[in-house]
Amino acid sequence: EVQLQASGGGLVQAGGSLRLSCTASGFTFNDYGFGWIRQAPGKEREAVSYITIADDTVYHADSVKGRFAISSDNAKNTVYLQMNDLKPEDTAVYYCAARFGYGLRYFLGFLMDYWGKGTQVTVSS
């Protein structure tokens with residue numbers, strides 16, 4: 001059974017940090033790219049960060065560059081999103097998603113193969 005298990009969300013004050021985790025099972029981790037997509041109430045989805053496991057290609061949206069970092073632990077089949085200097089506008093439900101191969105362009109179009117359940121991130125001012 002394919003699963004993407006996301007965790008690590010919570011409530012934090014502006015300027016604080018959180019680390020999201022996404023653990024994959026049921027498919028070959030190294031064959032996929034993984035990304036985080038967020039959606040805030042009343043706003044459009046945003047493709048936040050992406051990593052291709054095969055070559056460590058990384059993408060971050062302009063809105064989070066310099067503050068967020070995506071990484072992977074292949075031994076644990078887990079992708080992390082380290083979020084620093086959080087701002088109230090980062091408040092959203094964050095979804096982990098996976099796409100086979102080198103899927104950055106698909107990630108930017110939200111065309112992913114697998115999705116996890118979201119984890120809520122709330123940043124208070």
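A: Let's start with the largest nonpolar core: it has 30 residues, and Phe34, Trp36, Met83 and Tyr94 have the most contacts inside it. By nonpolar core I mean a set of buried Ala, Val, Leu, Ile, Met, Phe, Trp, Tyr and Cys residues joined through side-chain atoms within 4.5 Å, with buried being under 20% relative accessible area (1.4 Å probe, protein chains only). Strands that each supply at least two residues of this core include strand 1 (3-7), strand 4 (32-39), strand 8 and strand 11 (119-124); strands here are DSSP E runs of at least two residues, numbered from the N terminus. There's also a second, separate core of six residues, with Ile37, Ala47, Tyr50 and Phe107 among them.

Keep in mind that this is a predicted model, where local features need pLDDT of at least 70, side-chain atom pairs count only at pLDDT 80 or more, and totals for chains, interfaces and linings use all residues. Residues are numbered from 1 along each chain as its sequence is written, and side-chain values use heavy atoms, leaving out hydrogens and water.

Back to Tyr94: its contacts (heavy atoms within 4.5 Å) include Trp36, Ile37, Phe68, Met83 and Val121, skipping residues up to four places away in sequence. Asp90 sits in the loop between strand 8 (78-83) and strand 9 (92-100), and is buried, at 1% relative accessible area. Overall, buried residues make up 42% of the 125 in the protein.

Conventions: Helix = DSSP H or I, 4+ residues; strand = E, 2+ residues; numbered from the N terminus. Buried < 20%, exposed > 50% of the residue type's maximum accessible area, 1.4 Å probe, protein only.
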